[in-house]
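User: I am new to this structure and would like to go through it in short questions. Please show it to begin with.

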Amino acid sequence: MQPNTRDSEMSCILRGTEGCSQADYMDLRYAITTNTGDEIIQTWEHKLKHYFRFEGKSHHAGEYQNYLDYFATCLESGQTAYPDIREGIGTVALLQSMDKSLQTGQPVKVQEVLREHGL
């Protein structure tokens, strides 16, 4: 059973034979109860304004912010950030294929769009 102090608006609870864990989205909190009954609670409250920077907790910028941090780290270290340009072009080609298919009523292969644009 999870303690009342872990009450949250949005949670994901995992229960297993070795203990349980709970991730609380809005509270930026992760809690674990071990099979011996020990509780470990980790919070990121100090980053609340970092992740919820628009209109209180109504707009979450966390994943976008995480990706920006990841991208900047890759730039600094000389690593390739993923998704890379190849995946980006593939995504745009897929969307173009879908758009063309909707306009024509016919299937459009991604490869056709890539060829059409010399990619």
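Analyst: Two strands pair if DSSP finds at least two bridges between them. Helices (H or I, at least four residues) and strands (E, at least two) are DSSP runs, numbered from the N terminus. This is a predicted model, in which local features need pLDDT of at least 70 and side-chain atom pairs count only at pLDDT 80 or more, while totals for chains, interfaces and linings use all residues. Residues are numbered from 1 along each chain as its sequence is written, and side-chain values use heavy atoms, with hydrogens and water left out.

User: In what order do the four strands form the open sheet?

Analyst: The pairing in this open sheet is antiparallel. Strand 1 (11-16) and strand 4 (39-43) are its edge strands, each pairing on one side only. The order of the four strands is 1-2-3-4.

User: Which residue in strand 3 is the bridge partner of Gln22?

Analyst: Strand 2 and strand 3 run antiparallel and are joined by six bridges. In strand 3, the partner of Gln22 is Ala31.

User: Is Leu28 buried or exposed?

Analyst: Leu28 sits in the loop between strand 2 (19-24) and strand 3 (29-34). Its phi is near 50°, a positive value in a residue other than glycine. Buried means under 20% relative accessible area, exposed over 50%, and partly exposed in between (1.4 Å probe, protein chains only). With a relative accessible area of 11%, Leu28 is buried.

User: What is omega for the cis peptide bond from Tyr82 to Pro83?

Analyst: Pro83 belongs to the loop between helix 2 (62-77) and helix 3 (85-104). For the cis bond that joins Tyr82 to Pro83, omega is near 5°.
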